[in-house]
Structure formats: C-alpha cells, structure tokens
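Work through the exercises below with the structure open beside you. Try each task before you read its solution.

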Amino acid sequence: MKPTLFVLAAGMGSRYGGLKQLDGLGPNGETIMDYSIYDAIRGGFGKVVFVIRKDFEDDFRTKILSKYENHIPVEVVFQSLDKIPAGFTCPPERTKPWGTNHAVLMGKGVINEPFLVINADDFYGRDSYAVIGRELAAAYGKQNEYCMVGFRVGNTLSESGSVARGVCETDSGGYLTGVVERTAIERIDGDIQFFDENDNKVVLGENVPVSMNMWGFTPDYFDYSEEFFKQFLRDNLDKPKSEFFIPLMVNDLVTKGKARVKVLDTTSKWFGVTYSADRQGVVDKIQALVESGEYPERLF
C-alpha cells in the first residue's frame, strides 16, 4: 500500500489568469506541479488527487492531467463555496473560498490511505517527498499520528522581498507544539529576522523549522475537520473573508492533545514565485537541478 499525494489546486485558475498561462518554468515548459508529481512518484506515492474548481475541469483534464496518464493514477475532486455541512447556508456576499482545510475536506470519500497535502505552485524538492513518503508508508492503520515537513527557514527565503512563514515550535521529541504565522521574514545583513506583535526584532536561526503547507495525515483527519468546520462556521459564517486554514485545525488538535504531529527535517530548498521578480530565479534553479542530474531534461 502506498500513500496518496493530495494537491491543493483550486486557486490555480484565478492566480494564473486561466490555465492557459499555467507557467512553464522547466526546460521543456514543465510546471512546478510537474516536478511535484515526479518527486512524489519516486518518493513512493501511489496516487494523486487534485482539488480544483469545477469551472476549469475540462481545461485541467486536457492540459494537465493528460500528462500524467500511464505514470500514476489520478483523481479530481472539486472545492466550491456551497460544499458546507447540512444546516448551514453560504451567505450571498461570500466570494472567497473557505480555505485550505476546507479544500482538504473535499478528499473525504476518495482518500482512504495516509496522504500528503501540498500546494500546487510550491517547489518542495526531492528530499522532502522521500522523507515524508517514508513516514506515511509506515502510518497505515494508525490514527492521530500525523507529520509535516519542517523546512529550514534559511532554505525558504525570497531574494525579492520578505515572506510570510508558519514558524514551528516543537517539543524535545520533535513533535509540533504550535505554528505561529509570521509575516515579513527576510534576511538583512546576514540575519534572518522579523518583527513580532510588540515591534521587537526577532532573529531566527538558519535551521528553525517552518511550515510550507506540506502536511501528512491519516484518513481520521477528515472526521476531525468536519466537526471543527461546523464550529468554524458557527463562529465565522458572517465574516466573508474568514478562512478555515490547515494550521488552525492542526493547532486545535495539538493543543487539545487529540493528535501528535511529527516535524520532519529536510535538506530540500523550497522555492516558488512569491514575487514576479522571482520567476527567472526559479527557472535558473530548476535548470541547475536538471544540469546536476537531479531531474531529467523531460519529465513526462
């Protein structure tokens, strides 16, 4: 039995101005997502599930999914505003999706094995898939034992400006005790730093783990999420910009002692197009990985 890769791609059409502009960054027009699928296959994953918006299904199937046929089984599920629990009605003024953990909930019924959640447009690197693939392969039959890849903060910065990162706090056993979202993290004069809520400068060590939305769960996570989503809606239904994020759910489970999350170290360097100025740097980094033999010239 192999774990499943669950790709959060529902925001893709809006971010890219339609799938026609899905950015080709590899030497043969490969997208960041192509590298994720390739790394997941060699990391031991047996299936890919994409969560997308229904309105770009046809485009997605022809332009994206057709590439992966004959390489790995693929399924698609859909995130939409009206997919909320019985007894709740989506307010007419709501236009924003319900958030990343709502997107995860769309996998219930399709995913019955340990699974890895990733963002569609983040480049996570080969080692991170190998590390979490091994952990999830050993998670069959377990409950309440989750994991995440904690990227070393120094491996996740942008050269074009500051970034927001979920800074992880762990106990002596390497288990997560909390994730605190920190904005405006950047390297200044050699120091990785941000300013906290009291406007005090905080310097982070190079290897402090941060979350890049690379989470490993077992299927019991869906049940917790369904219950918590109801409470979230009771509290936030009238707030049109509120979102049900994965760290919100994870923090709740960890602080209440319902589940443990092992923070896994990786040597992988994360990169993505946070700023338009990052694009060429990403192209260059991928080209360097191809030239060093980390990836073939053509993936699929």
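## Exercise 1: A strand and its partners

Six of the eight residues of strand 6 (residues 145–152) are buried, so the rest of the structure largely encloses this strand. Keep in mind that the model is predicted.

**Task.** Find which strands pair with strand 6, and in which sense.

**Solution.** 
- Step 1. Look at strand 12 (residues 260–265). Strand 6 and strand 12 pair in the parallel sense, over six bridges.
- Step 2. Pick out one contact. Met-148 has Val-263 in strand 12 as its bridge partner.
- Step 3. Turn to strand 11. Five bridges join strand 11 to strand 6, and the two run antiparallel.
- Step 4. Again pick a contact. The bridge partner of Phe-151 in strand 11 is Val-210.

## Exercise 2: Two rings

**Task.** Classify the ring pair of Tyr-146 and Phe-217: stacked or edge-to-face?

**Solution.** 
- Step 1. Start with the total. The count comes to 24 aromatic pairs.
- Step 2. Take the pair in question. The ring centres of Tyr-146 and Phe-217 are 5.3 Å apart, and their planes stand at 85°. Planes over 60 degrees apart count as edge-to-face. So this pair is edge-to-face.
- Step 3. Tyr-146 is in strand 6 and Phe-217 is in strand 11, 71 residues apart, so the pair links distant parts of the chain.
- Step 4. Check burial. The cut-off for buried is under 20% relative accessible area. Tyr-146, at 3%, counts as buried. Phe-217 is also buried, at 0%.

## Exercise 3: Charges over rings

**Task.** Which ring does Arg-94 lie over, and which ring does the charged end of Arg-260 sit over?

**Solution.** 
- Step 1. Arg-94 lies over the face of Trp-98, 4.0 Å from the ring centre.
- Step 2. The charged end of Arg-260 sits over the ring of Tyr-175, at 4.0 Å from its centre.

Key. Residues numbered from 1 in each chain as written. Predicted model: local features only at pLDDT ≥ 70, side-chain atom pairs only at ≥ 80, totals over all residues. Heavy atoms only, no water. Buried < 20%, exposed > 50% of the residue type's maximum accessible area, 1.4 Å probe, protein only. Helix = DSSP H or I, 4+ residues; strand = E, 2+ residues; numbered from the N terminus. Pairing = 2+ DSSP bridges. Phe/Tyr/Trp six-rings, centres within 6.5 Å; stacked < 30°, edge-to-face > 60°. Lys NZ or Arg CZ within 6 Å of the ring centre and 35° of its normal.
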